[in-house]
Amino acid sequence: MDIQDVKRVFYEAVADRVDQWTSLAANLRLNANTGWLEDPARFGKIAHFLGDEKLKSEFEVYIGEILNMAVHSIFVIIDNGSGDTPDLQLNLVEKSAGSFNGNLHEEYIEHLFATRRMK
């Protein structure tokens, strides 16, 4: 695989995790006792508002956007684009294909558009 293929696999893996967590969050309204929530009762207080399927769908979109913003923000930090960490720039390297060479935050958003997760 060349570096572009590796990047596509990486961005898809990240986007897939966002999709999984988004779905899980939207479906927690059915059962907040997952074992990993710090305080299931706290989530239960808002879960009853999500009983309507239309609201569930809206909530799922909302959570997905928030998670993608968080991922994008982390990639900005890794790319040294935030100003918060002026001396930090991390570089992902795939052992056989080479370096990602930054721009994770831009390429991730491009991947979301390419896969129709963003419009």
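Trainee: Are tyrosine 11 and phenylalanine 75 buried or exposed?
Mentor: Tyrosine 11 is buried, and phenylalanine 75 is buried too. Keep in mind that this is a predicted model.

Trainee: Which elements do they sit in?
Mentor: Tyrosine 11 is in helix 1 and phenylalanine 75 is in helix 3.

Trainee: Which residues have the most contacts inside the largest nonpolar core?
Mentor: Tyr11, Val14, Val71, Phe75, Phe100, Leu104 and Tyr108. That core has 13 residues.

Trainee: Which elements give two or more residues to this core?
Mentor: Helix 1 (3-27), helix 3 (53-78) and helix 4 (104-114) do.

Trainee: And which helix gives the most to this core?
Mentor: Helix 1, with 6 residues.

Trainee: What does valine 71 touch?
Mentor: Val14, Val18 and Tyr108. That leaves out residues up to four places away in sequence.

Trainee: What other core lies apart from the largest one?
Mentor: A core of 5 residues. Among them are Ala25, Ala26, Leu50 and Ile63.

Trainee: Let's look at phenylalanine 59. Where does it lie?
Mentor: Phenylalanine 59 lies in helix 3.

Trainee: Why does phenylalanine 59 count as buried?
Mentor: Because its relative accessibility is 15%, and buried means under 20%.

Trainee: What is phenylalanine 59 in contact with?
Mentor: Ala25, Ala26 and Leu50, leaving aside neighbours within four places in sequence. Ala25, Ala26 and Leu50 are among the residues of the 5-residue core.

Trainee: How far apart in space are phenylalanine 59 and threonine 22?
Mentor: They are 9.0 Å apart, C-alpha to C-alpha. In sequence they are 37 residues apart.

Trainee: Back to the rings. How many aromatic pairs are there?
Mentor: The count comes to 7 aromatic pairs. Take phenylalanine 10 and phenylalanine 100: their ring centres are 5.4 Å apart and their planes are at 85°, so the pair is edge-to-face.

Trainee: What about the rings of tyrosine 11 and phenylalanine 75?
Mentor: They form an edge-to-face pair as well. It is 6.4 Å centre to centre, with 75° between the planes.

Trainee: Which residues do ring pairs link into a cluster?
Mentor: Phe10, Tyr11, Phe75, Phe100 and Tyr108.

Trainee: New topic, pockets. What is the volume of the largest pocket?
Mentor: About 330 Å³.

Trainee: How many residues line the largest pocket, and which lie nearest its centre?
Mentor: It is lined by 14 residues. Val61, Gly64, Glu65, Asn68 and Arg117 lie nearest the centre.

Trainee: Which helix gives the most to the lining?
Mentor: Helix 3, with 7 residues. Helix 1, helix 3 and helix 4 each supply at least two residues.

Trainee: What is the lining like by class?
Mentor: It has 6 nonpolar, 4 polar and 4 charged residues.

Trainee: Now the backbone. What is the phi of asparagine 80?
Mentor: It is near 65°, a positive value in a residue other than glycine. Most residues other than glycine have a negative phi.

Trainee: Where is asparagine 80?
Mentor: In the loop between helix 3 and strand 1 (93-94). Asparagine 80 counts as partly exposed, at 26% relative accessibility.

Trainee: And what is the phi of arginine 116?
Mentor: Near 60°, also positive in a residue other than glycine. Arginine 116 is in the segment after helix 4. At 73% relative accessibility, arginine 116 counts as exposed.

Trainee: Last one. Where does glycine 83 lie?
Mentor: In the loop between helix 3 and strand 1. Glycine 83 counts as exposed, at 56% relative accessibility. Glycine 83 and isoleucine 109 are 20 Å apart in space, C-alpha to C-alpha, and 26 residues apart in sequence.

Notes
Residues numbered from 1 in each chain as written. Predicted model: local features only at pLDDT ≥ 70, side-chain atom pairs only at ≥ 80, totals over all residues. Heavy atoms only, no water. Core = buried A, V, L, I, M, F, W, Y, C linked by side-chain atoms within 4.5 Å. Buried < 20%, exposed > 50% of the residue type's maximum accessible area, 1.4 Å probe, protein only. Helix = DSSP H or I, 4+ residues; strand = E, 2+ residues; numbered from the N terminus. Contact = heavy atoms within 4.5 Å. 1 Å grid on protein atoms, 1.4 Å probe; cavity = no way out; pocket = protein on both sides within 12 Å on 5 of 7 lines; lining within 4 Å. Points joined across faces, edges and corners; volume = space filled by probe spheres on them. Nonpolar A, V, L, I, M, F, W, Y, C, P; charged D, E, K, R; others polar. Phe/Tyr/Trp six-rings, centres within 6.5 Å; stacked < 30°, edge-to-face > 60°.
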